[in-house]
Amino acid sequence: MKNLSKDFLIISISLLLLVILSWYYLYLMTLSMDAPSMNMDSSFNIFLMPMTGNWTMNDFIVMFLMWTIMMFAMMMPSTFIFLNIFEMMRSNMKSVKHPLLELYVISFAYILIWTIFSIFATFLQYYLHNADMINMMGTLKHEMFAGIFLICAGVFQFSSLKNACLEKCRNPLSFIMGRKINNLGDVAKLGLTHGIFCLGCCWALMLLLFINGVMNLLWIVVLAIAVLAEKILPFEKLTSRFFGVVLVVWGAYLTFI
C-alpha cells in the first residue's frame, strides 16, 4: 500500500506539473493575441495561433498542438479522483506487479481520447477560419449561429447520453469494479473506455470555446470549472441541467433578440 501510494504521488505530481505548464502556455498565447506586436521570443511564436489569412498545413499543425495542450489543461484535473480510486483498488491486489506503469498507461490512454478530439476540433476551426466564420480569436462572427449552437449544447445537457456519460464520470468506483483487469492491455482499455465516456459527457461544452473565443483565457477557465463542477458537485443532474438552462436562454437571446 505504501509503495503504491508513492507511485500515485509520482504520477500525480508529474501530471500536475504538466497541467501547470499547459496553463502557462495558454497564458502566453493569450498575451500574444492581446498584444501581437509585443516582443516575444521567436522560438515561442511558432507555437501561437495564426493571426490572419487562410491556414496552411503548418498553421493546422500549430493549432492542433494548441488544442491538444488546451484539452489536457482543461480535462486532466478532473481525472485525479479517477486515478486515485484506481490506485486504491489495485493496491490491495497481489497480482499487481507494475502499479506505476499501470497509472501511466491509464493516464496516456485517457489523454489519447482528448488528443483525437483535438484533431476534430482543429479541423472544425480550420474550416470556420477559412470560411471567414470566426475571427482571429476563434469566436463565431454571426450571433445567430452562436445562438443556435448554444441552444443545441443546452439541449444536450438534458439528453440521456449526457446523463449516462456523466454517471460514469462521477462514479469511477463502480465503473472500475465492473471490469476485469488482468494485464496492461486491460488497463489501457479501461482508460480508453472511461475517456470515451468523459468525451461523451463534455464534448459540447468544449466546443463552446467558439462562442467567446478559443483564445479567450477567461472563457477557457470558466468552461474548465464548469466541467469540474459537473463531476464533483452533488446533485449531478441538477448541476448539468442548470448549465443547460443557462445555455438555452443565452442562445435564445442571441438568436431571437
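Start by selecting helix 3 and helix 9, which are roughly perpendicular to each other (angles of 65 to 115 degrees count as such). This is a predicted model, in which local features need pLDDT of at least 70 and side-chain atom pairs count only at pLDDT 80 or more, while totals for chains, interfaces and linings use all residues. Numbering runs from 1 along each chain as its sequence is written, and side-chain values use heavy atoms, with hydrogens and water left out.

**Stop 1: helix 3 against helix 9**

Helix 3 covers residues 57-75 and helix 9 covers residues 184-207 (helices are DSSP runs of H or I with at least four residues, numbered from the N terminus). They pack at about 115°, with their axes 13 Å apart (axes are lines fitted to C-alpha atoms over the stretch in contact, and angles run from 0 to 180 degrees between N-to-C directions). The crossing of helix 3 and helix 9 is right-handed (the near helix is turned clockwise from the far one by less than a right angle).

Now show side chains: Trp67, Met71, Met74 and Met75 of helix 3 make the contact with Cys198, Cys202 and Met206 of helix 9 (heavy atoms within 4.5 Å). This contact has seven nonpolar, no polar and no charged residues (Ala, Val, Leu, Ile, Met, Phe, Trp, Tyr, Cys and Pro are nonpolar, Asp, Glu, Lys and Arg charged, and the others, Gly among them, polar).

**Stop 2: helix 6 and its partners**

Helix 6 and helix 9 pack at about 160°, with their axes 10 Å apart, so the two are roughly antiparallel (over 145 degrees). Phe149, Ala153 and Phe156 in helix 6 meet Gly200, Cys201, Trp203, Ala204 and Leu207 in helix 9. Those residues divide into seven nonpolar, one polar and no charged.

Among the residues in contact are Gly147, Ile151 and Gly154 of helix 6, and Gly244, Val248 and Gly251 of helix 12. By class, the contact has 13 nonpolar, five polar and one charged residues.

**Stop 3**

Which residues line the largest pocket? Select Leu18, Leu21, Ser22, Tyr24, Tyr25, Thr68, Ile69, Phe72, Ile111 and Thr115. The largest pocket holds about 250 Å³ of space. Helix 1 (2-34) gives the most to its lining, with five residues, and helix 3 and helix 5 (99-130) each supply at least two. The lining of the largest pocket has seven nonpolar, three polar and no charged residues.

Then select Thr68, Met71, Phe72, Met75, Met76, Tyr110, Ile111, Trp114 and Thr115, which line the largest cavity. Its volume is about 60 Å³, and the structure holds one cavity of 30 Å³ or more. Here the lining has seven nonpolar, two polar and no charged residues.

Finish at the second largest pocket, of about 160 Å³. Among its lining residues are Arg90, Lys97, His98, Glu102 and Asn182. That lining divides into three nonpolar, four polar and three charged residues.

On a 1 Å grid over the protein atoms alone, a cavity is a set of points where a 1.4 Å probe fits but cannot get out; a pocket is an open set with protein on both sides within 12 Å along at least five of seven lines, and lining residues have an atom within 4 Å of a point. Points are joined across faces, edges and corners, and a volume is the space filled by probe spheres set on them.

Terms used
Parallel < 35°, antiparallel > 145°, perpendicular 65-115°, else oblique.
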